Amino acid sequence: MRTLEKRLEKHVDFLIERYPVLEVCREDIISSYLFMEESYENGGKLLVAGNGGSASDSEHIVGELMKGFKMSRPLPADMCEKLKSVDSEMGETLAVNLQGALPAIALDGHSSLTTAYMNDVEPLLCFAQQVNGFGNSCDVFLAISTSGNSKNILYASTVAKAKGMKVIGLSGQKDSRLSELADVTVKVPQTETYMIQELHLPVYHCWCLMLEDKFFG
């Protein structure tokens with residue numbers, strides 16, 4: 001059974017030191033991280049979706065994973081040489097400025113695809129269609145829903161499970177359809193939407209810090 005490296009525990013400890021109310025979520029936060037760690041080790045990616053403020057959170061998470069968060073993440077030397085071999089001038093600029101990335105896609109974007117699908121087929125299945133198209137068995141779907149009952153998130157989670165993906169839920173403290181469906185759900189201990197969202201941010205920042213430390217530290 002996969003366990004958290006000792007050197008990464010400091011991020012969870014620091015999170016709970018700053019937000020003691022999240023102590024009840026410690027094990028689920030760690031389990032969720034380990035699913036993401038395993039996925040990235042196996043060449044997978046993270047798909048993320050949410051509605052409203054949670055859609056903004058999806059974009060935020062992708063921004064932290066696809067470029068340097070706290071670290072600069074320089075490219076490996078062999079990749080730098082490959083870039084320069086293609087074009088010495090542009091390759092030098094790319095080698096100096098590109099950063100290591102952890103592949104992640106926020107499903108709330110892609111306006112042409114989503115509006116076409118919503119108009120032609122079924123609006124509630126828009127995220128599900130993208131999971132169907134983007135998702136592979138080694139990937140993880142991070143499903144963000146403050147209620148845990150958002151239908152478009154549940155449809156997407158169902159597709160993810162059918163494709164053999166791990167599903168991580170991020171919700172409020174109440175039991176929900178999402179917590180029944182997901183492999184693990186971090187249920188932050190609040191019931192008011194904006195208060196739930198206020199606790200989601202430090203949780204996913206902790207995940208991003210841990211992933212960056214693991215793969216680029």
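Author: The crossing of α7 and α8 is right-handed. This is a predicted model. Helix α7 covers residues 126-134, and its axis lies 7 Å from that of α8 at an angle of about 20°. An angle under 35 degrees counts as roughly parallel, so α7 is roughly parallel to α8.

Now the side that does the touching. From α7 come Phe127, Ala128, Val131 and Asn132. From α8 come Asn152, Ile153, Tyr155, Ala156, Val159 and Ala160. By type, 8 of these residues are nonpolar, 2 are polar and none is charged. The spacing has a simple background. An α-helix has 3.6 residues a turn, so residues three or four places apart point the same way.

Next, step back along the chain from α8. The loop between β3 (140-144) and α8 (151-162) holds Thr146. Is Thr146 buried or exposed? Its relative accessible area is 18%. The cut-off for buried is under 20%, so Thr146 counts as buried. Beyond its neighbours within four places in sequence, Thr146 contacts Ser54, Ser171, Gly172, Thr193, Ile196, Gln197 and His200.

Gln197 leads on to another residue. The C-alpha atoms of Gln197 and Gly53 are 7.5 Å apart, yet 144 residues separate the two along the chain. Gly53 belongs to helix α3, residues 53-65. Gly53 is partly exposed, at a relative accessible area of 33%.

Helix α1 (residues 9-18) and helix α10 (residues 193-216) have axes that come within 9 Å and cross at roughly 160°. Angles over 145 degrees count as roughly antiparallel, and α1 and α10 are therefore roughly antiparallel to each other. Their crossing is right-handed. In α1, the contact uses Lys10, His11, Val12 and Leu15. In α10, it uses Pro202, Val203, Cys206, Leu209, Met210 and Asp213. This contact divides into 7 nonpolar, 1 polar and 2 charged residues.

Last, helix α2. It runs over residues 26-41, 16 residues in total. From first C-alpha to last it reaches 23 Å, close to the expected 22 Å. Its buried residues include Ile29, Ile30, Tyr33, Leu34, Phe35 and Met36. Arg26 and Glu37 in α2 are buried too. Just after α2, Gly43 takes a positive phi of about 80°.

Methods. Residues numbered from 1 in each chain as written. Predicted model: local features only at pLDDT ≥ 70, side-chain atom pairs only at ≥ 80, totals over all residues. Heavy atoms only, no water. Axes fitted to C-alpha atoms, helices over the stretch in contact; angles between N-to-C directions. Helix = DSSP H or I, 4+ residues; strand = E, 2+ residues; numbered from the N terminus. Parallel < 35°, antiparallel > 145°, perpendicular 65-115°, else oblique. Left-handed = near helix turned anticlockwise from the far one by under 90°. Contact = heavy atoms within 4.5 Å. Nonpolar A, V, L, I, M, F, W, Y, C, P; charged D, E, K, R; others polar. Expected span 1.5 Å × (residues − 1). Buried < 20%, exposed > 50% of the residue type's maximum accessible area, 1.4 Å probe, protein only.
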